[in-house]
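Subject: Structure handover

Hello,

Here is the structure I promised to pass on. Please open it first, then read my notes below.

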Amino acid sequence: MSSQSNTSQVSNFIAQIIEEDLDSGKHASILTRFPPEPNGYLHIGHAKSICVNFGLAKQFGGACNLRFDDTNPAKEEQEYVDAIKQDVQWLGFQWNDEVRYASDYFDQFYAWAQHLIREGKAYVCDLSAEEASHYRGWATEPGKPSPYRDRSAEESLDLLERMKNGEFEEGSRVLRAKIDMASPNMNLRDPILYRIRKQSHHQTGDKWCIYPSYDFAHGQEDAIEGITHSICTMEFADHRPLYEWFIENLPVPSQPKQYEFGRLNLNYTVTSKRKLKQLVDDAVVAGWDDPRMPTISGLRRRGFTAESIRNFCFGLPVSKSDGVVDIAQLEFSIRDDLDKNAPRAMCVLDPVKLVVTNFAEHIDAEVETMVAPAHPKIDLGERQLPFTAELYIDRADFSEDTTLSRKKFKRLVLGEYIRLRSAYVIKADDVVKDDSGEIVEIRASLVPGTVGENPPEGIKPRGVIHWVSATEGKQAKVRIYDRLFNHPAPDKGEDDFMQHLNPDSYLELDNCWVEPGLAAAVPESGFQFEREGYFVADRYDHSSEAPVFNKTIGLRDTWANK
């Protein structure tokens, strides 16, 4: 279990239930579970569920199982299993004992299905999917019994065995529970327990030709494992009566109870696994871990820290209603975390050369090493910044327009002064342009004695700008990421969610220059690039020979004004 402090003393209605159960002696200890389906990567909504389940277990001295509900092999892959395990551990949690799978219990499920048939509570149904939908009725009108509902137990047992052995085609038969075709809860209208699926399974291989439904497997998995509090999101509230029906009608070893809380919905975000997979399959993004994706692995590659995601999730209410959370709240969490903890560095994204023409007059060596703190408030050591005769500054930090007010343009203007961060005050004296009129070089002079000191009286720098040595710095690739969607509810209403893609969600800059120490940055190290935002050394592509940084978030929320 995570040792992180941000799980401590969470108060919500589920925590109150657990506390009452422990105080009353109903349970001596608690055991929760996180049960993802391995049919895609985990997203930010799953992060909340992980924090709720693992967090409550830790808070009350219990444990949490990681169990894969792998009942639909057609949509499941080992890649997803591996990614989910990695995500849970990266978030700072460790599951109880070994990883568990629904498929670990397939033999037991099959035996329990036979038990229900013998008890007259299940039958093999030959209706087609279309016919079954008709017989099921509507929410406003009762269903009617399948003509196979009164099939003898002996015949259903025989047919189920033959289904298991692969004698029938997919879709030709299913096993149904015999509950109540007139129930106002559609989930109780003879739900499917088993379907024929001639699919190889990532855990069991080709052993099975039939697979249990999620509803049939879920509660029984909890009972087998001794789960005390089965916590899931509100869309499963209507399934709870079926969950309880199975527990009551099967000889299960324990009596788990299901509780539901509101799922996490973020604006400007899509979390449907089907739609996320479409983004991947249609190459709209570069994979499940594309830094624009709301997946945990995507957020990680974007530069979000596990601490920031935990802080965000633990700061959300756990209630019985679904709501929409402003994505700015998630962005604040990472901005706040990196502001407090990320070392500072300088990177010029759109470089223009600046030549210090009087460098040799005042500096004896080819390089003067400046020293700057790695962080302004906490002790992260110092950075060595080589100052040379040729520098790069950002093109947007210079203007020839001498009429610009000092209040509106606190950068370098021709004929005026600026301070270079942690270095000299300089004056822009002249520019060199190419045939098209574009500035290719700024010629400037330094004011001696101004490193860490105020300039002489009469010299008033407009502001402070960042810089990198053109000869000692390192060329880098920087990927600028932004929100993937430009609509607050991209998958609501009649429009195709793809129509709301943000055309400015990705920009790659190949000719950026970073201070030399950044070349040695460890992949996944986060930094504040001064005056630009927060960036991370890419998890896979960054190297000392070819640095690659991803933009995590800007220094301030620019979407609030859009």
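Helix 7 is largely enclosed by the rest of the structure, because ten of its twelve residues are buried. Buried means under 20% relative accessible area; exposed means over 50%, and partly exposed lies in between (1.4 Å probe, protein chains only). Helices (H or I, at least four residues) and strands (E, at least two) are DSSP runs, numbered from the N terminus.

This is a predicted model: local features need pLDDT of at least 70, side-chain atom pairs count only at pLDDT 80 or more, and totals for chains, interfaces and linings use all residues. Residues are numbered from 1 along each chain as its sequence is written, and side-chain values use heavy atoms, with hydrogens and water left out.

Back to helix 7, residues 214-225. Its buried residues include Y214, F216, H218, E221 and E225. The expected span of a helix is 1.5 Å times one less than its number of residues. For the twelve residues of helix 7 that gives 16 Å, and the end C-alpha atoms are 16 Å apart, which agrees. G226 follows the helix, with a positive phi near 75 degrees.

Seven strands form an open sheet with mixed pairing, in the order 12-27-28-29-25-26-13. Strand 12 (344-345) and strand 13 (347-348) are the edge strands, each pairing on one side only. Two strands pair if DSSP finds at least two bridges between them. Strand 12 and strand 27 (residues 526-529) run parallel and are joined by two bridges. Contact means heavy atoms within 4.5 Å.

Now some loop residues. H43 is in the loop between strand 1 (31-34) and helix 2 (44-59). H43 has a relative accessible area of 5%, so it counts as buried. Not counting residues up to four places away in sequence, H43 touches R263, T271, L276, P294, T295 and I296.

Y268 lies in the loop between strand 10 (264-266) and helix 9 (273-281). Its phi is positive, near 60 degrees, in a residue other than glycine. A283 also has a positive phi near 60 degrees. A283 sits in the loop between helix 9 and helix 10 (296-302). At 60% relative accessibility, A283 is exposed.

Best wishes
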